[in-house]
Every structure is written in C-alpha cells, then in structure tokens.
Amino acid sequence: MGPQASAVCSLFFLLQVLAEPAENPDFHLAGDYLLGGLFTLHANVKGIVHLDFLQVPKCKEYETNVLGYNVMQAMRFAVEEINNHSSLLPGVLLGYEMVDVCYLSNNIQPVLYFLSQENYFLPIQEDYTHYVPRVVAIIGPENSESTMTVAHFLSLFLLPQITHSAISDELRDKLRFPAVLRTVPGADHQVEAMVQLILHFRWNWIIMLFSSDDYGRDNSQLLSQRLASSDICIAFQEELPTPQPSHVVTPRERRRLGDIVDKLRQSSARVVVVFSPDLALSNFFHEVLRRNLTGVVWIASESWAINPVLYNLTGLRRTGTFLGITTQSVPIPGFSEFRVRRAQAGPPASQRASLGATCNQECDTCLHTTASFNTILTLSGERLVYNVYSAVYAVAHALHSLLGCSQTSCRKTVVYPWQLLQEIKKVNFTLLGHHIFFNQQGDLPMPLEVIQWQWDPSQSPFQSVAFYYPTARQLKGVRTVSWHTPNDTIPMSKCSKDCQPGQKKKAVGTHPCCFECLDCLPGTFLNATANEFECQPCPSNKWSHRKDTSCFKRRLAFLEWHRVPTILVAILASLGFLSTLAILAIFGRHFQTPIVRSAGGPMCFLMLTPLLVAYMMVPVYVGPPTVSTCLCRQTLFTICFTICISCMAVRSFQIVCIFKMARRFPRTYAYWVRYQGSYVFVAFMTVLKMVIVAGSLLVTNTSPTAHADPDDPKTMILSCSPNYHKGLLFNTSLDLLLSMMAFSFAYMGKGLPTNYNEAKFITFCMTFYFTSSVSLCTFMSVYKGVLVSILDLLVTVLNLLGIGLGYFGPKCYMILFHPERNTPAYFNSMIQGYTMGRD
C-alpha cells in the first residue's frame, strides 16, 4: 500500500506541474457536491498511451466525436435542470467536473484528478472510510476497456461509477468492480437481440466482422458462443485492421480491407454483423463503396448503430440495408435547444482556485460540429443521452435520500463515496415515463431498440423497427423493414435452400446450415422439431407416403359382408347348409331303406350334424377378428371336420371288412360289431383332435393381431394370429391322415358291389380335401394378405360341400329318382352277383 500510494502522490504532483488549466464553462460548474464526467470528445482509435515520456495526451489533436460531446451536454443539462427546476435537492447545488478521455488515451490522469483533494493531494491512509475525494460520483466512460481501467482505481474508494454505454459482461462481477453501475443492458442482451433478429428473418448464414480490440474480440466471441446453440452458422469471420491515428490508409491496410470486401462479395451470405468502434469503420466503408459492394444487410452493434458521421457517408445507402441495436429512444424536453447553446462563463479563476483544474477540458470545435449534426441528433431521438440523463438523476435521488431532504431543504453533510454507492443501488423512481432502478448486477434493464437507417429527409434517420426487453429476453413488436432489394423483398442469406416438408437434411461440409435435401421414404416421416437430419419410422399401426411429415392410420383390412368374394362364399355356404338340411330330411324319411343303411345308417346323421354346425360357423370368418371368433375358427371347424372324416374313414373300413375280412377274421369282426367299433373309433379320433387343438392353442396366440399388407403397406390386415397358418397345418395333420386312410380303404373296396362301392365318392372327397388343405397351408406360408382369409373360408366351405354333396349327393339321387334300386331284393341280387363273380 505504501509504495503504491507514494507513486500515486508523485504522479499527482507531476500532473500539477504539467497541467494547463483552462476556464471552459462546459467542463466546470461549482457546487456543494461535484459529479465527475469522463467523455470521449476527441477520439484516437489506437489508444496510444504515452508511456515513453511523461506527458498527458492532448485530446484536441484527435478527431472530434459528436456523440461524446452530445452525452456530455446531457450531463450538464441534467445537473442544471436539477439545480434550477427540481425540488429533488432543495438548497443544494450540484456541480460537475468533466474531462475528455479521448477514447482510450487519457483514463488514468482524470481519475486520479477526481480522487484527489484540493491542491491535487491524495493522502496515504490505511483506511479511506472517511476520505472525501473531489467528486462524489463519476459518470462514464463510454467503452468497457476504459471503464474497467477507471473502475480498478475507483473500487479502492468505493466511489460510485455509472457508465452509460460500457456493455462488457465482466462489469457484472461485483467482486472485481463493486462500485460500477450501468444504465445500459449488458453485452449478452445486445447479442441476444441480434440473434433473435436474425432468427426472425430466417437468416442462418452470416458473416462476422470485428475490430482488433477487446470490444470486437469479446463481443464476437460472445455471439459465436450464442450461435452455437442456434441454427445460425458463421460463413467466415474477419478481424478489421486498426486505422492509423492520422486516418491515412496505408497500402497494407488497403490490401487487407480489399481482401475482406472481396470475400464479402464472393460469399453467399448476405448478412454481415459488425462489432467495432465507429472510429475503426470509416476506412472499411470507404473501401466497400470503392469496390461497389451492394445487396448486403449490415447489422450494427451499439457502438456505431446511431453514429451520425457514418450515416452521412455519401453513397452508403447503396450498399444495402442497415440495421442496428441501440438503447431505447427517450425524448428529453428542452435538450435539443440546450445541446447547441453555448455555456455561460463560469466564475473568475480566483474564485475557483480552491477547485483546481486539469488538462483536456477544452473542445474548440465541439459546439460547431454538434450544431452541424443537430438535425440528425434531434430526429434520431435521445438514446445515449437518456442513459447519461438518468445516471445523473440516479445520483441526485441517492443524495436526496442520504441528505434527508424534505420538500424545502436538505442537510449539507459530508458525503462519503461508499455511503452514496449504497443509496444509488437502492434508488427506485420514474423518469420521463421509465422506471429507473438497478438490478443485482448493477444494470438498469432498459429496453433495446432495433433501428434501421433511413435516408428519407422527412423521417427519422434511425427508424425503430423492433424492441428487445431484457427482463423477458424477448424481441417484440417487429415492424416492416424497408429493404434495399428489388420489390422490397426480404434478402435471403442461407447456405442451402429450405427443404420441402417431408425432406430430411444431409449435412454437407462442417456447417450444419449447409445441407442437401433427401425425401423421407414411405413408412417414415420428418419431425422437424425433433430432428431435421433423420426421418423417424412410423409406429406399426401407421404408415406414411414419401415426403410425409406425419403418419396416418393404416386401413384395417378383414373380410366384410359387402365385399363380392364374401357374398359369393356366403351364398355357397347357405346352399350347402340348405342342402345338408335336405339330405337330413331325405335320410330321415328313408332311414330303413337299403341305401341309407348301406351309407352308414345312424352314422350318416353323425356326419351330417357336424356339417350343419360347420356351416353355421361361417360368419365367424367375416368381420374384425376377436378372441372368440379366432377360437371358433381353430376349434369348431377342425373338430367338425375330424368327426366327418373319421366317420368316412371308418365307414370305408367297415365295407372292406364286411366283404373281405369277415370271413378271414370272424372273431375280430364279431368284437368290432359287438362293441360298436366304428363309434369308438370316431370318439377316439374326436378326443385326439381336441387334445391336438388344445395343445395348439397353448403354443400359439389366439388374440387377433395386425400386420402390414405386403402388397399395400397402407393397409393393416387383421388376422387371428401371426402363426395362424402353422396352427392350421398342425390342426389339420390328423384330418389329412384320416383322409388318406379313407382314401386307402375306399381304393381297396373298388371291386365291391355297385351299391356298396363308394370308392369313387370317398376318393373324390378326400382327394379334394387333401389337395386343398395342403395348397392353403402352402399359400399361407408365403402370402400374408387379406386374400388368405378369403381362401381359408372358401376352401372350408368347398370341403364341406365336397363331403356333403360328394358323398351324400349320389345316394339322395338314387333315393329320389331310382326308388326301384332302393329295395332289399335289388341289393340282395347285387350281393349274389358279386359272390358268384368271385366264385
């Protein structure tokens, strides 16, 4: 602490010797409490600090900065308004001391001047709690780099510092900068407003240019980090060269600027974001005009968004559309006239001797230059001006609280900087319709405006087109922009054209914004909100066409009553049912006749009854399959068939046994007749079939399932089970074996008497059943469409008709049309002829 303080004191004594006081009333106003002001009245973008020789820079040697003088006038206006027209500090006179910091060159000397007491003295103390510096608070500087430099000094004394345009997010760190407050939103809000503006106009392919100082590098990096989480890509980014203090363009700088402009011309990106102080852009835009670059959308950072010097650059309107991010416009009554009014002369030097003075408190050309831009400044609205204006009022409200002011008077007590800082953080008031308070980061959350440069003399040069609200972090109220394009259309700035609905993006190169579009295949869809680079498969019960963005429910296919195939099969089943009833009636009426007895007698009714039941089960094949209908298909049908075929098989065996085996094995035949072997066989086969069906049901699923139609993916086929054909093949295995037995016994009896020779009828029935069942199972194993259900039902009905008409039909014909052959005498004659033929 000791050596540092000694160095500070030595520097102050040196500055006292070197300083040349100037009596410019713009910079001085005596008062009970002084405010310090640090403004850029002259600008040197290189910010050369004179470290090689002990001399404070002479700011007046640099170029005049109109906006710097404008905001300095705002501080003067606010102080004089509080002193003359306000009951905020009754009986108290506010004063000010303002110094030109010439952007970056002159920061240290003014802050030491403000911290010193009379006679430029800064005492060395262990505790500065009760130290009273020259000023109670400081307004400025304007840029973040200078603000941080000054803040490192002021923080040691907790001297309040309110900056009106320094946006660096580092200033939110209250451990490093406990005394810094801002009347402007931070850099993250400025960048967020830019990003939302770019997203609003659906641009995703931009160029970023930035200056070679901390402002350019920090903000460009902040934008890059923000864009990493969005769908915006940076085509390229370039660092702008720093111009010389003389503003003379060197050959190297011209080549560099030319290369940048050429890259801008060659790029497909039409949106250029520029982070740079205004002083570093004059040479660049002159090169843009020299090379006739047009059709660009320029997005300006707050540092140059409302710069009147760049705005007045001839021909700049031809280069494209200018949009910028800046603070909200708040007109201040009476300020436009005050801005160009020359200040009244201050008190004589002898009366101000106690105040002291310092260098860089002069600006011979400021008033004249400001007057030449007064129209633009007035029409554009007081933006940065209000930031300074509200900062002065924030200090005044804090003094009002600290001094215990009433409506008529205030206590004129000593004000320590740390006390005032605490009160400033607590201020909460309304100024020209806006709520003034500082949040926990020390920022005033004032809205930002997106402005467009207009060159219409009847309009504001900086026309508001949108608002950004820091509290909500949202861009709102976007208005119509006048685009400098043919037909006033929004410029396109995309690496690739938007894909059509239902097309996925396939990345090309390293940028996600550069892609080619591929159609989503049938059965897939594009959910653009989830993933634009992959097509999602449809659920199993849905389908999609090519290039679909959603899936639709597949059409459920099953046998329906109004379909022609179903109607035809139903007619056949109805005819079969009626014919079976007719056969039952005929056989019942002629039950004692030889034809009925030779056909099996009572066993005929055992065959015909399952046939009727099977016909009545035909409707279970029509309509959406259910668990009950699937059970009927896999149980009742097959069991009915088994009863019929087992009866035919045992009937064939009996005929052969009577004529060929009775004489050879009489005892065996006697047991067969005595114990009703035919019925025992039929019962045994029926029970065996029930066991097989039960096992099949346990192994396979009986619940209805849906699967896609292989010929039409838009259709879902409802069926009883995905393994239905396997269960059908397993269930019909016994029936196929019985049919082969019946066929074999019928073939063995081909030489029997004509009345008992049923080989051709049984052979026909069993051959048809065997071939149709095998063909159906084969077809079901290779095809999964709805045609399977139709063929399954058709084959079932045809087999029923084959058994009913093929076996019983000829016998009914003989009964009805040849009754003379249905007599015992005729049958006995046929048997005698067969016996005599064999002998």
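User: In which helix does Val 564 lie?

Analyst: Helices (H or I, at least four residues) and strands (E, at least two) are DSSP runs, numbered from the N terminus. In this structure Val 564 lies in helix α16, which covers residues 564-589. The model is a predicted one, where local features need pLDDT of at least 70 and side-chain atom pairs count only at pLDDT 80 or more, while totals for chains, interfaces and linings use all residues. Residues are numbered from 1 along each chain as its sequence is written, and side-chain values use heavy atoms, with hydrogens and water left out.

User: Is Val 564 buried or exposed?

Analyst: Buried means under 20% relative accessible area, exposed over 50%, and partly exposed in between (1.4 Å probe, protein chains only). Val 564 has a relative accessible area of 57%, so this residue is exposed.

User: Which residues form a nonpolar patch on the surface with Val 564?

Analyst: Patches are made of residues with over 30% relative accessible area and no salt bridge, where like charges are joined within 9 Å and nonpolar side chains (Val, Leu, Ile, Met, Phe, Trp, Tyr) within 5 Å. A salt bridge, in turn, is a side-chain nitrogen of Lys or Arg within 4 Å of a carboxyl oxygen of Asp or Glu. Here the nonpolar surface patch consists of Val 564, Ile 567, Leu 568, Ile 571 and Leu 575, and together they have about 460 Å² of accessible area, a value from the Shrake-Rupley method with a 1.4 Å probe, for which only the protein chains shown count as cover for residues.

User: How many disulfides does the structure hold?

Analyst: A disulfide is a pair of cysteine sulfur atoms within 2.5 Å, and the structure holds 8 disulfides. One of them links Cys 363 and Cys 366, whose sulfur atoms are 1.6 Å apart; this link is right-handed, with 85° about the S-S bond, and both Cys 363 and Cys 366 are buried. Another pairs Cys 405 with Cys 410 at a sulfur separation of 1.8 Å, and this link is right-handed, with 120° about the S-S bond.

User: Which cysteine does a disulfide join to Cys 520, and where do the two lie?

Analyst: Cys 520 is joined to Cys 535, with 2.0 Å from S to S, and the link is left-handed, with -85° about the S-S bond. Cys 520 lies in the loop between β20 (515-519) and β21 (524-525), and Cys 535 in the loop between β21 and β22 (536-537), so the pair ties together parts that are 15 residues apart in sequence. Cys 520 counts as buried because its relative accessibility is 0%, and Cys 535 is buried as well, with a relative accessible area of 18%.

User: With which residues is Gly 502 in contact, leaving aside its neighbours within four places in sequence?

Analyst: Contact means heavy atoms within 4.5 Å. Gly 502 is found in the loop between β18 (474-476) and β19 (503-507) and is buried, with a relative accessible area of 0%. Leaving aside neighbours within four places in sequence, Gly 502 is in contact with Leu 518, Asp 519, Cys 520, Leu 526, Lys 547, Asp 548 and Thr 549. The C-alpha atoms of Gly 502 and Leu 518 are separated by 8.6 Å, and these residues are 16 residues apart along the chain.
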